[in-house]
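Me: I'd like a close look at one part of this model, namely a strand and whatever it pairs with. Could you walk me through it in one go?

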Amino acid sequence: MSVELGPDGAMPRNPDQWVTLSGCKRILVVVHTEVYGRRLRDLLPLLESDLRVQVTFTVAPHAFSGGAERFLRGLGATVLPWEEAAGTVFDLALAAGSQGVERLRAPLIRLPHGAGHIKLSRTADDLPGTPRTVGGLGRKYLMWRDRVVPRAVALAHHEELAELGRRCPEALPRAEVVGDPCYDRIAASLPLRDRYRQALGLPEDRQLVLVSSTWGSGSAFGKLDALLPRLLAELPESRYRVAVLVHPNVWAGHGAWQVRAWLAGCRRRGVAVLPPWADWRIPLIAADWIIGDHGSVTLYGTMTKAPVLLASFPERDVNPASPAAALARAAPAMSPAHALPEQFAYAAAEYPAEEYARIAARISSEPGRFNRNMRRLMYRLLGLGQPAWLPETLPLPLPAPLVEQQPGADGMELPV
């Protein structure tokens, strides 16, 4: 049997005559970057086992879209070219970014791609003389030609409603507070900390120092060339293991070879450089110490009992009303003038447990209820009744050992 293909060699649109299961509600998952894809992946279990829906993916235009393509290959997903996806009618679209989504022909749910709406818009993206807005909540993220693009704006916390009302009041009637999927997965996984540490290959007497960097000029990445050698020189190898989490946008923006080259010397001396596809939540749970910046990973660290030290915090780039700004006021800042063991001892002795609990509570005002709230929202926009089972929040699966989670020259995982 032959199939008449389109001019670009692709299957014709809406080819229900060629599929086994027809008449499904069609959902488009719009992946701009690997980080956005990971956030959207948390929604996919909510659509499992329902033969009434069909999920398709596309990679939207973005400076860091290379990681998105690798991410979708790993999923084994059906991926439509962006132009075809933008011209096809779907029953629902899901996105964690804003670029190009005004072209979609579907009711859109717009989700945040991190915790707490931390970062302010880049000055290069704003019109001269206009104030910087909060990333993801301003008009330029949610409106196109005087209309609100998303059918629903999903938020993690009720306090973000006030921020949205200030930044884009036109979108406020479409806001839905659903919670935070990463918060819920971390909370469900914390009791398994010892098992994660065993799976990572960490002996009971060895402490994990997790160094986390977001992307951008104010991130901790620009200080790793000084910080990592200090960690190796001042912390006894017999007691400490150092692992580095670098934001996938750094890998996508500079290239995997370059990031590996920048970190090669420390990696050869025993630093575990986690690849961009590694699940950052597991080493975060396993960590005894967290050294971070203004990225979401550092903020999620307040859910653990690990002391947090800030290697970098560009106040000018951070939403002053965010929980990350509150963390910067509570967490000790690293000092180049004092020995690291001394700073670690200070961070442990002055650990502000109650303040960190208050900060962590600002990540989600719907703890444990993201799956329930999000599935209700999706099926409401689909016009379908929900499946007759309660969506669970499962703990994270056990990871591979740290020595196997190293990015090799060909992009594959290789031992140190």
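Predicted model: local features only at pLDDT ≥ 70, side-chain atom pairs only at ≥ 80, totals over all residues.

Reply: Let's take strand β11, residues 240–246, which is joined to β12 by three bridges, with the two strands running parallel.

Zooming out a bit, β11 belongs to an open sheet of five strands, ordered β12-β11-β10-β13-β14, and the pairing is parallel. At the edges sit β12 (272–274) and β14 (308–310), each of them pairing on one side only. From one strand to the next, the twist averages 20°. Strands of a sheet like this pair through backbone hydrogen bonds.

A helix comes in here too: α8, residues 224–234, lies across β11 as well as β10 (207–213) and β13 (289–292). Relative to β10, helix α8 runs at about 180°.

For comparison, have a look at strand β2. Five of its seven residues (53–59) are buried, so β2 is largely enclosed by the rest of the structure. Seven bridges tie β2 to β1 (residues 25–31), and these two run parallel; Lys25, for instance, has Val53 as its bridge partner in β2. Together with helix α1 (residues 34–41), β1 and β2 make a right-handed β-α-β unit. The chain then crosses from β2 through helix α2 (residues 65–75) to β3, in another β-α-β crossover that is right-handed. Strand β3 (residues 79–80) runs parallel to β2, and two bridges join them, with Phe57 standing opposite Val79 of β3.

Terms used: Residues numbered from 1 in each chain as written. Heavy atoms only, no water. Buried < 20%, exposed > 50% of the residue type's maximum accessible area, 1.4 Å probe, protein only. Helix = DSSP H or I, 4+ residues; strand = E, 2+ residues; numbered from the N terminus. Pairing = 2+ DSSP bridges. Right-handed = clockwise from strand over helix to strand, strands pointing away. Axes fitted to C-alpha atoms, helices over the stretch in contact; angles between N-to-C directions. Contact = heavy atoms within 4.5 Å.
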